[in-house]
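This report describes a protein model from its computed geometry. Please read it alongside the sequence and the coordinates shown here.

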Amino acid sequence: MGFPVGYTDLFLPKLLVHILTILGYIRKFICTLLTILGLGDFLEPEMPFLARPESCSELQYSLSGVLIRELLPVVKFSELVDPPESCAVCLYEFDGDDEIRRLTNCRHIFHRSCLDRWMDHDQKTCPLCRTPFIPEDMQEVFNERLWLASGISDFCGDFSPIIAGL
């Protein structure tokens with residue numbers, strides 16, 4: 001027994017495969033040409049190879065991540081008492097001048113940049129133990145700030161909340 005050879009000849013003839021390949025190259029060429037000429041707006045937006053890379057200033061952060069960053073303190077590693085040796089996200093050892101974020105619920109510490117990247121992916125829990133970033137006593141304040149920052153409250157007006165059992 002062995003691997004059968006020639007199954008591609010049964011499903012798609014080689015001529016058809018070559019034609020499809022050539023059509024793909026022609027499509028890429030035309031799309032590139034239209035983009036260079038400034039007519040890229042006429043192209044389908046779903047084409048992933050035409051997506052323009054975003055600059056760092058245009059990156060969209062999650063609103064909750066921005067609010068969590070405001071609530072979590074940033075300290076220098078040298079100010080910590082009995083800290084761990086390395087960051088659980090990047091596995092690099094801490095230095096004395098590193099900026100550290102200490103989570104208020106679970107007391108785990110991470111490099112500021114490591115935890116910020118974690119929050120950029122709309123994560124709201126500790127990467128190590130999955131404890132929520134926001135303590136329960138601060139959750140209501142956080143939710144109110146999130147509603148205000150999202151602008152949804154402007155559309156809702158002064159409607160009363162839905163109360164079960166009425």
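The model is predicted, so local features need pLDDT of at least 70, side-chain atom pairs count only at pLDDT 80 or more, and totals for chains, interfaces and linings use all residues. Residues are numbered from 1 along each chain as its sequence is written, and side-chain values use heavy atoms, with hydrogens and water left out.

## Overall make-up

The protein has six helices and three strands. Helices (H or I, at least four residues) and strands (E, at least two) are DSSP runs, numbered from the N terminus. Along the sequence these elements follow the pattern α-α-α-β-β-β-α-α-α.

Of the 166 residues in the protein, 19% are buried. Here buried means under 20% relative accessible area, exposed means over 50%, and partly exposed lies in between (1.4 Å probe, protein chains only). The accessible surface is about 13,200 Å², and carbon and sulfur atoms account for 61% of this surface. Such areas come from the Shrake-Rupley method with a 1.4 Å probe; for residues, only the protein chains shown count as cover.

Contact means heavy atoms within 4.5 Å. Among contacts between residues at least 6 apart in sequence, 41% join residues at least 24 apart.

## The sheet

Three strands form an open sheet in the order E1-E2-E3, with antiparallel pairing. Strands E1 (74–76) and E3 (109–111) are at the edges with a single partner strand each, so one side of each has no neighbour in the sheet. Neighbouring strands are turned by 40° against each other on average, direction ignored. Two strands count as paired if DSSP finds at least two bridges between them.

E1 pairs with E2 (residues 99–102) in the antiparallel sense over three bridges. Three bridges also join E2 to E3, and these two strands run antiparallel. Bridge partners in the sheet include the following.

| Residue | Bridge partner | Strand of the partner |
|---|---|---|
| Lys 76 | Glu 99 | E2 |
| Val 74 | Arg 101 | E2 |
| Arg 101 | Phe 110 | E3 |

E2 and E3 form a hairpin with six residues between them.

## Helices

Helix H2 (residues 14–36) has 23 residues and reaches 33 Å from its first C-alpha to its last, close to the 33 Å expected at 1.5 Å a residue. The expected span is 1.5 Å times one less than the number of residues.

How do the axes of H3 and H4 cross? The axes of H3 (residues 63–71) and H4 (residues 112–120) come within 8 Å and cross at roughly 150°. Axes are lines fitted to C-alpha atoms, for helices over the stretch in contact, and angles run from 0 to 180 degrees between N-to-C directions. H3 and H4 are therefore roughly antiparallel to each other, a term for angles over 145 degrees. Gly 65, Ile 68 and Arg 69 of H3 make the contact with Asp 116, Met 119 and Asp 120 of H4.

Cys 114, Leu 115, Asp 116 and Met 119 are buried in H4. The buried residues of H4 pack against H3, E2 and E3.

## Cys 87

Cys 87 is in the loop between E1 and E2. Cys 87 is buried, with a relative accessible area of 0%. Leaving aside neighbours within four places in sequence, Cys 87 is in contact with Tyr 92, Phe 94, Phe 110, His 111 and Cys 114. Cys 87 and His 111 are 24 residues apart in sequence and 6.3 Å apart in space, C-alpha to C-alpha.

## Residues with positive phi

Most residues other than glycine have a negative phi. Arg 107 is not a glycine, yet its phi is positive, near 70°. Arg 107 lies in the loop between E2 and E3 and is exposed, with a relative accessible area of 52%.

Arg 130 is not a glycine either, and has a positive phi of about 65°. Arg 130 is found in the loop between H4 and helix H5 (136–150) and is partly exposed, with a relative accessible area of 48%.

Two further positive values follow helices. Gly 38, which follows H2, has a positive phi near 85°. Asp 122, which follows H4, has a positive phi near 60°.

Methods
Parallel < 35°, antiparallel > 145°, perpendicular 65-115°, else oblique.
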